[in-house]
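Dear colleague,

Please find the structure below, handed over for your use. My notes on what was found in it follow directly after.

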Amino acid sequence: MDAIYTRQSVDKKDSISIETQIELCKREVAGNSYKIYQDKGYSGSNINRPDFQAMIRDIKNGLIHRVIVYRLDRMSRSLLDFANLIDLLDRYHTSFVSTQEKFDTGTPMGRAMLSIAMVFAQLERETIQIRIKDNYYARGEKGMYLGGPPPYGFQKAETRKDGKRFKYLEPIDTEAEVIRQMYEMYGNALYTLGEVARVCNHNGYLTHSRKEWSSSKVGVLLKNPIYVRSDIRIYQYYKEKGCQITSEPDLFVGTNGCYLYGKRKGNERKYSTFSEHVLSLAPSEGFVDAELFLKCQHRLEGNIQVDNSSWGQLTWLTGLVKCAHCGYAAVPKSSNGGRYYYLYCSGRAMHCCDVATNLGKPKEVETAVEQRMFTIVRKYESIPVEQHKKISMEANRLKAQIQNCRNQMDKLIDMALDSDDVVGTYLKERIEELDKCKTKLEARLAEAEAGDTVVTEKQMTSFLQDWPTLDVRHKNELARMFIDHIDVSKEEITIFWKYHFGAEEMTC
């Protein structure tokens, strides 16, 4: 029996229908009995198709002696899958016929030509994929919105440019104000993601799909650079994350948001890398300053360590306590069936510390640190804190020029590695010129930033007055504002503050 196999992924004007494929394949049957297998709405990128698998089962059962298709790509667009299929047909003495390419694997020449044709078919497929991807990114570079539902705070609009339709994102003023509030609440460590969502829901703010906010939806919004007024710090942040940036550094002047597009691999850690992403400046203005946006990113990245801790709800000392002997984290472990918890050095498990005993109870350390914190509050009602003003336009321009020099130097260094002596000498001289230029720009930047700091008074009492009513998470966030880390040994507890209070205040 012959098998006629047909496939059509989508209905298009220029695509051949299932019915037409069947009629063309019937011409090759020549009076034999046949069975039709058809998969409509399935891609040829893999072989996970119901009728295709049914045909394979019939081949293995010895029911089919010949497979007839309209074209090679109806069977598979994968060279590996197709090679495995031909091997299967050979093992079960089944030949393969393509009506358009005129291949018949019943002959040696037919088998050879089939293999060659499949190599070129896959080459064509991969070339088309690259061309589509490049065209997709090129549209993003021109400021076009690349499709999908618009992010919260925007609506899709359309205009014409160079005679072509041009879709872009248009801000929604009422939602823009909500976004600013969300960044303020989270970026200044006032609320967690879940609490930001609850505030929004309490105030009646709904998502575009008319649903309530959740912590995950808030997190996705806060990571989107479409909302940031991008300056050179945004360029450098995504550059360091491995992102491909299509806009020049000197265009990051602190006004426009950014499009970030690309697919994160499922096995990658959240917030950690953008190695396969592309960043382009968007035509729309951002809603929040770069400094506040970066605060949110750093806090989101910190959530990886804090949220994944198995003891984050046991004590507000999470992430702050270290072994005074080796510097590894001190973590609580239960004893007596989980009734009591003691601090143990995590370095012991890796044979990096020889502390033989526990470092005390978490509650005892909490009490000692609390006492010291309130002593500081009573002694220092306010503390001097050095703060940076918003980055000036001059500083931003200098940073962009420095980044341009670095980019050019990186390219020239790569070229020098593959060049001959003559070209290498020229490239070396050019690299040295760029390095001198970069050094001068860095000196000018240092001068510009020297007068860009102010000393303000941070009122500590306003942060600690509600301490008894706070939950574990809020106490942890508040402690992190003042404490860098805490060294614990069996004998003493030493607090390393983020601000200087004098040497006599250090040890509990």
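I begin with helix α14, which spans residues 472-482 and lies across β16 and β17. Its direction runs at about 95° to β16. Please note that the model is a predicted one.

The strands that α14 lies across belong to an open sheet of 3 strands, in the order β11-β16-β17 and with mixed pairing. Its edge strands, which pair on one side only, are β11 (321-323) and β17 (493-497). From one strand to the next, the twist averages 30°. In general, the strands of a sheet pair through backbone hydrogen bonds, either parallel or antiparallel. Here β11 and β16 (residues 483-488) run parallel and are joined by 3 bridges. Within β16, Val-488 is the residue that stands opposite Cys-323. A further helix, α10 (residues 362-379), packs on this sheet and touches β16 and β17. The direction of α10 makes about 45° with that of β17.

As to the protein as a whole, it contains 14 helices and 17 strands. Of its 508 residues, 42% are buried. The exposed surface comes to about 28,400 Å², of which carbon and sulfur atoms supply 51%. Among contacts with a separation of 6 or more, 64% are between residues 24 or more positions apart.

Which residues touch the most other members of the largest nonpolar core? They are Met-182, Tyr-183, Leu-221, Leu-222, Tyr-227 and Tyr-238, in a core of 46 residues. Several elements each supply at least two residues of this core: the helices α5 (173-187), α6 (193-202), α7 (215-223), α8 (232-240) and α9 (290-307), together with the strands β9 (256-261) and β10 (278-285). The largest share, 7 residues, comes from α5.

Leaving aside residues up to four places away in sequence, Met-182 touches Val-196, Cys-200, Trp-213, Val-218, Leu-221 and Leu-222. Of these partners, Leu-221 and Leu-222 are also listed among the core residues that touch the most other members.

There is also a second, separate core, made up of 26 residues. Leu-320, Met-373, Ile-376 and Ile-486 are included in this second core.

With kind regards

Methods. Residues numbered from 1 in each chain as written. Predicted model: local features only at pLDDT ≥ 70, side-chain atom pairs only at ≥ 80, totals over all residues. Heavy atoms only, no water. Helix = DSSP H or I, 4+ residues; strand = E, 2+ residues; numbered from the N terminus. Buried < 20%, exposed > 50% of the residue type's maximum accessible area, 1.4 Å probe, protein only. Contact = heavy atoms within 4.5 Å. Areas by Shrake-Rupley, 256 points an atom, 1.4 Å probe, with all protein chains shown as cover. Core = buried A, V, L, I, M, F, W, Y, C linked by side-chain atoms within 4.5 Å. Pairing = 2+ DSSP bridges. Axes fitted to C-alpha atoms, helices over the stretch in contact; angles between N-to-C directions.
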